Protein chains: 2
Amino acid sequence: LLDVDNSRVELETGERIGFDAAVLATGLKARIPEVEGADLPGIFTLRNLSDAISIKQYIRQNAVRRVVIVGAGFIAFEMCEAFRTLGLHTTMLYRKQVPLKRLGETFALKLVDVIRARGVRFVPGADISCFEQEAGGGLRVHSGAGEYGSDLVLIAIGAAPDTGLAETTDVALGQSGAIAVNERMQTNHPFVYAVGDCCETFHRVLRKPFHLPLGDVANKQARVAGANIGGGSASFPGVIGSFCFKVFDTEVAGTGITEQEAGEADLPARAVTVRAPNRPQEYPGSEEIGLTLVAEKGSGRILGARAVGGRGTVARVNILAAAITANLDVEQLAQMDLAYAPPFSAARDVVHIAASEWKKA
Amino acid sequence: LLDVDNSRVELETGERIGFDAAVLATGLKARIPEVEGADLPGIFTLRNLSDAISIKQYIRQNAVRRVVIVGAGFIAFEMCEAFRTLGLHTTMLYRKQVPLKRLGETFALKLVDVIRARGVRFVPGADISCFEQEAGGGLRVHSGAGEYGSDLVLIAIGAAPDTGLAETTDVALGQSGAIAVNERMQTNHPFVYAVGDCCETFHRVLRKPFHLPLGDVANKQARVAGANIGGGSASFPGVIGSFCFKVFDTEVAGTGITEQEAGEADLPARAVTVRAPNRPQEYPGSEEIGLTLVAEKGSGRILGARAVGGRGTVARVNILAAAITANLDVEQLAQMDLAYAPPFSAARDVVHIAASEWKKA
């Protein structure tokens with residue numbers, strides 16, 4: 001229990017500990033589908049190291065051969081690689097048709113092709129209706145796209161900020177449902193801080209509070225809170241929504257906002273998608289990068305980017321993350337002096353091409 | 001012959017061709033040491049594809065086993081990898097002690113270690129006094145650090161803008177010795193343009209004309225000249241001095257200016273060097289990146305960076321290239337929202353660490 005008025009916490013043991021400053025770092029809790037059988041043994045979520053260890057142990061101890069992943073977000077895509085690497089029959093059930101909304105349909109479907117090429121069965125339109133114990137000891141997953149037998153089920157349908165402790169107090173939540181904080185990482189109680197996946201942060205492109213539960217954001221927020229608690233004066237300027245993950249040999253990344261998010265925020269925006277090799281085509285090992293660049297109509301200010309492709313895809317998105325942080329426009333991007341050598345890029349890089357194409361379009 | 005006054009060129013055949021606009025794109029010519037024997041057969045320079053083909057043919061046709069590289073710049077380091085990959089005994093002779101001045105001594109000596117570990121003999125203090133034909137058909141290279149027998153010699157001591165054609169006219173050269181141009185890529189004659197390795201460009205950090213003969217710069221300059229000749233209005237904002245190359249499995253890159261260059265330009269600057277893994281240390285295949293960050297005293301404005309290390313080193317420097325282009329400071333860099341996932345970086349990336357350390361130092 002967090003007793004804000006008396007500046008103390010009360011443990012389950014009854015012990016009370018006073019504080020000058022408290023930091024809420026309660027993280028996320030995984031979402032679970034509200035269907036029958038969701039609590040059967042063999043059904044897991046993955047939030048932390050002990051979840052991962054439990055999954056590995058279960059696979060070993062139960063001679064798991066078949067896995068069903070429910071959901072098709074970052075964790076689902078990352079885990080289908082992990083399961084395939086262990087040689088397991090892997091099925092991904094997704095309730096809608098096209099996953100990974102922030103990537104756009106073309107890139108999302110490309111990733112579906114990537115996992116299918118590696119032997120993952122991807123099943124769209126597969127809303128879960130219930131889980132059932134099979135006679136032989138396995139699980140039966142009933143979905144809107146048929147029934148699937150499995151020895152292990154991973155639920156990966158997202159996570160929500162764990163605000164349970166905050167809600168026992170009058171620490172305020174923001175519109176996203178995560179704990180509201182200012183740029184010093186203080187909640188509405190100046191001596192109660194919140195950092196990491198349980199709290200909101202300011203989105204610098206959307207200009208509003210945003211929940212972006214990622215480890216690097218948590219790391220930065222915690223340093224800011226720590227500096228302020230220690231008597232310093234630090235502030236966290238917020239995020240621009242950068243993310244990345246790897247699916248087998250394919251890199252996936254994004255930063256800033258999509259044209260849909262821009263529209264919802266009344267920012268007139270236009271997107272262009274280009275494909276170009278990550279190295280000169282004649283250089284051995286050249287791979288394609290697909291890049292979508294979103295910029296503000298008129299000004300050309302860069303608002304967002306997302307990319308799927310071979311080695312160096314994440315690197316390109318990070319150049320764009322810097323550009324968005326600095327409010328650069330497409331003209332500045334088209335002329336940007338990036339480090340060039342054939343092992344790393346073509347003389348005219350995919351980010352230059354995207355910027356030029358945006359101007360032309 | 002370029003006849004500017006009469007807007008025509010005269011070919012060696014005597015043919016005359018009139019023009020409305022001319023583009024000088026004469027490139028570079030390799031520097032050759034002014035010593036006896038520098039024109040012996042088996043001594044090569046490397047500027048273009050036909051040079052490369054000649055070198056390969058010579059190696060094959062003459063059963064080359066021993067190679068001496070004179071010089072220790074980008075080309076020398078890249079070529080020692082190529083020669084070692086062909087299984088040749090490779091010796092690099094360098095007249096000074098520490099190569100690659102713009103990388104700083106620590107990183108430069110690390111690269112010497114990298115090539116030595118791959119069997120390249122690196123010999124400092126080896127100023128060339130002459131080349132001699134050996135009795136058996138090989139070459140004898142006489143240097144300030146002893147004599148070296150070789151079947152092939154590659155001269156890689158740099159290159160100068162090829163301004164021969166320009167100098168037959170009154171097209172003006174700049175202080176660097178390359179052709180002077182404005183931001184539209186025009187020379188002092190508005191209808192005579194110059195692009196690529198033969199011309200200067202504006203250095204955006206040093207705020208002065210600069211000669212940076214690199215393929216990506218040439219590519220951008222040529223587009224600007226082409227747009228202007230075609231009746232458009234394009235301008236090239238200049239360079240910040242970004243470069244990269246690969247030496248075996250080590251990536252090398254730099255952007256902006258060094259603390260020495262800052263000092264010469266009366267910019268008060270301070271540098272900090274950090275080392276951090278390119279991925280979380282517990283992630284398989286984690287490699288170190290060494291990064292030197294140069295920023296302006298007081299303001300913290302980022303002026304330059306250079307890095308040597310494993311996979312992703314060039315990618316980090318490109319983030320810094322964007323930051324320098326946008327005049328970001330170390331605080332903005334420390335808080336930058338970059339795409340994070342363990343296959344690509346630690347939660348706190350080497351660029352964040354460098355920015356934080358710069359602030360502390």
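Tutor: In chain B, three strands form an open sheet with the order 1-2-3 and antiparallel pairing. Strands (E, at least two residues) and helices (H or I, at least four residues) are DSSP runs numbered from the N terminus, and two strands pair if DSSP finds at least two bridges between them. This is a predicted model, in which local features need pLDDT of at least 70 and side-chain atom pairs count only at pLDDT 80 or more, while totals for chains, interfaces and linings use all residues. Residues are numbered from 1 along each chain as its sequence is written, chains are lettered from A and ligands numbered from 1 in the order in which they are written, and side-chain values use heavy atoms, with hydrogens and water left out.

Within the sheet, strand 2 (residues 8–10) of chain B runs antiparallel to strand 3 of chain B and is joined to that strand by three bridges. Opposite V9(B) stands I17(B), in strand 3 of chain B.

Elsewhere in chain B, strand 8 (residues 89–93) contains H89(B). Beyond its neighbours within four places in sequence, H89(B) is in contact (heavy atoms within 4.5 Å) with R65(B), R66(B), V67(B) and R84(B).

The contact takes 45 residues from chain A and 45 residues from chain B. The two chains bury about 3800 Å² between them, 62% of it on carbon and sulfur atoms; buried area is the accessible area (1.4 Å probe) lost on putting two parts together, summed over both. In chain A, the most area is lost to chain B by Q335(A), D337(A) and F344(A), together 19% of what that side buries.

Across this interface there are zero salt bridges, a salt bridge being a side-chain nitrogen of Lys or Arg within 4 Å of a carboxyl oxygen of Asp or Glu. Over all chains, the structure holds 34 salt bridges. One of them joins the side chains of R118(A) and D249(A) (3.2 Å, N to O). R118(A) lies in the loop between helix 3 (105–117) and strand 9 (121–123) of chain A and D249(A) in the loop between strand 18 and strand 19 (250–256) of chain A, so the pair ties together parts that are 131 residues apart in sequence.
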